[in-house]
Amino acid sequence: MYYDKGKVYVEKDDQCISCKNFTKGVACPLLQALGLGVVVLDGVMNVTNCGFYEEYKRHLKIVPIEKKTIKIDKE
């Protein structure tokens with residue numbers, strides 16, 4: 001996580017990347033404090049043990065593609 005030109009950026013090393021609240025856009029107290037300037041980030045910080053964190057897991061499955069014939073209507 002780092003701060004540049006008025007914006008807070010989350011990096012791959014930050015726990016925020018897999019946080020359910022972050023992915024849904026819920027106001028994170030840490031990001032909110034940094035964004036409002038209540039807390040000043042000087043340099044780079046990695047978030048690794050956040051009490052607000054809720055793990056977000058993606059559940060993907062492969063859907064078989066059925067062979068279908070395409071009917072084209074001619075006018």
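In which helix does N21 lie? N21 belongs to helix α1, residues 20-23, where helices are DSSP runs (H or I) of at least four residues, numbered from the N terminus.

Please note that this is a predicted model, in which local features need pLDDT of at least 70 and side-chain atom pairs count only at pLDDT 80 or more, while totals for chains, interfaces and linings use all residues. Residues are numbered from 1 along each chain as its sequence is written, and side-chain values use heavy atoms, leaving out hydrogens and water.

N21 is buried, at a relative accessible area of 10%; buried means under 20% with a 1.4 Å probe, protein chains only. Its side chain comes to 2.9 Å from the backbone oxygen of F52.

I turn to Q15, in the loop between β2 (7-9) and α1. Q15 is likewise buried, with a relative accessible area of 19%. The side chain of Q15 reaches the backbone nitrogen of C50 at 3.1 Å. Beyond four places in sequence, Q15 touches V47, T48, N49, C50 and Y53, contact being heavy atoms within 4.5 Å.

Q15 and N21 are both among the residues lining the largest cavity, as are C16, C28, L31 and V47. A cavity is a set of points on a 1 Å grid over the protein atoms alone where a 1.4 Å probe fits but cannot get out, and lining residues have an atom within 4 Å of a point.

Finally, the largest nonpolar core comprises seven residues: M1, C16, C28, L31, L34, L41 and V47. Such a core joins buried Ala, Val, Leu, Ile, Met, Phe, Trp, Tyr and Cys residues through side-chain atoms within 4.5 Å.

Key: On a 1 Å grid over the protein atoms alone, a cavity is a set of points where a 1.4 Å probe fits but cannot get out, and a pocket is an open set with protein on both sides within 12 Å along at least five of seven lines; lining residues have an atom within 4 Å of a point. Helices (H or I, at least four residues) and strands (E, at least two) are DSSP runs, numbered from the N terminus. Buried means under 20% relative accessible area, exposed over 50%, partly exposed in between (1.4 Å probe, protein chains only). A polar contact is a pair of N or O atoms within 3.5 Å; within protein, one must be able to donate a hydrogen and the other to accept it, and residues adjacent in sequence count only if both atoms are side-chain atoms.
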